[in-house]
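Please read them with the structure open.

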Amino acid sequence: MDRTALIRALPKAELHVHIEGTFEPELMFAIAQRNQIEIPYKSVEEVKQAYHFHNLQSFLDIYYAGAHVLIQEQDFYDLAWAYFEKCHADHVVHTEIFFDPQTHTDRGVAFETVLNGLKRACDDAKARLDISSHLILCFLRHLSEEAAFATLEQALPYKDQIIGVGLDSSEVGHPPSGFERVFARARAEGLLVVAHAGEEGPAEYVWEALDLLKVNRIDHGVRSEEDPELMQRLIAEKMPLTVCPLSNLKLRVVDDMAQHNIQRLLQQGVHVTVNSDDPSYFGGYMNDNFFAIADALDLSTDELKQLVKNSFEASFISDAEKQKWIRQIDAIV
Ligand code: ADE
Ligand code: ZN
């Protein structure tokens with residue numbers, strides 16, 4: 001089997017995808033029309049041409065603007081369903097999906113509207129495509145800790161539908177330490193916790209996510225490599241990093257895919273995984289991310305196999321499910 005065929009054939013788990021970042025321009029256009037919301041573009045082509053960004057903030061400005069057309073429960077369903085179809089095409093068999101409730105509740109959309117639409121798509125994905133999923137509620141770190149607490153309170157009546165909480169949005173200037181108490185509360189409620197750290201922000205933010213938020217995984221974390229002591233800690237604790245190669249390239253965390261550190265991290269024993277982050281904006285879904293790093297870094301069969309095994313091991317599924325997928329991977333390779 002050649003490398004492309006192998007990537008397609010391997011079952012994969014996705015652990016870092018923002019549902020609002022899977023919003024394809026065609027669907028955005030259709031939903032804007034049915035909700036009669038004006039968007040400043042005349043065509044799908046114009047939307048695509050507006051996607052110019054050179055760092056995290058310039059991307060986030062466009063990403064939040066796009067999310068404004070989502071109003072009805074059906075909109076959130078359609079958004080998530082379109083993503084599940086991409087998972088099916090890429091043989092992603094399990095996914096842990098981030099959603100940003102504050103982006104919607106701050107515009108007057110009810111929390112239940114967002115959650116019910118997403119959850120119904122998750123249930124249909126299991127029934128019709130045999131894809132399992134979990135939802136992870138992310139707090140927007142450019143907003144206050146108080147606002148994060150209010151969001152957590154809204155979510156607690158539905159906590160059986162949410163596996164955990166995360167922390168996203170503008171990283172630099174918004175360290176994890178500002179959210180220590182709300183994460184402690186989430187953990188006390190039995191929720192798992194993850195946080196974006198070390199994407200644009202320094203290794204120090206990864207330490208804070210570990211020590212103060214007590215995360216189960218680090219999202220991105222690629223800048224951890226700048227701190228040898230942190231690297232030792234990640235390796236010793238087998239702490240997963242959910243790495244997003246095409247995102248890192250588009251947001252200029254790296255200048256060139258050939259310089260991406262995912263292979264070095266893997267070879268040093270860091271528990272790295274491959275993910276798409278905001279695939280509609282960054283040029284590809286799961287398999288595109290694998291193709292991009294496999295070609296640029298000349299990844300071996302063993303490295304590809306390790307990356308997909310890591311994705312299941314780092315996921316929030318049961319040990320029995322993890323073993324089932326790992327056996328399937330061994331059978332394929
Ligand atoms: N929200 C959506 N994508 C993000 C990213 N890559 N980093 C931080 N927040 C985000
Ligand atoms: Zn992200």
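1. The protein exposes about 13,100 Å², and carbon and sulfur atoms supply 48% of that area. Accessible areas come from the Shrake-Rupley method with a 1.4 Å probe, and for residues only the protein chains shown count as cover.

2. This is a predicted model, in which local features need pLDDT of at least 70 and side-chain atom pairs count only at pLDDT 80 or more, while totals for chains, interfaces and linings use all residues. Residues are numbered from 1 along each chain as its sequence is written, and side-chain values use heavy atoms, with hydrogens and water left out.

3. Of the 333 residues, 58% are buried, meaning under 20% relative accessible area with a 1.4 Å probe, protein chains only.

4. The protein has 17 helices and 8 strands. These are DSSP runs numbered from the N terminus: helices are H or I with at least four residues, strands are E with at least two.

5. Helix 4 covers residues 56–67. Because 9 of its 12 residues are buried, helix 4 is largely enclosed by the rest of the structure. Leu56, Phe59 and Tyr63 are among the buried ones. The buried residues of helix 4 pack against strand 1 (12–18), helix 2 (25–34), helix 6 (101–105), strand 3 (132–140) and helix 14 (279–282); contact means heavy atoms within 4.5 Å.

How values were computed: Chains lettered and ligands numbered in written order. Expected span 1.5 Å × (residues − 1). Buried < 20%, exposed > 50% of the residue type's maximum accessible area, 1.4 Å probe, protein only.
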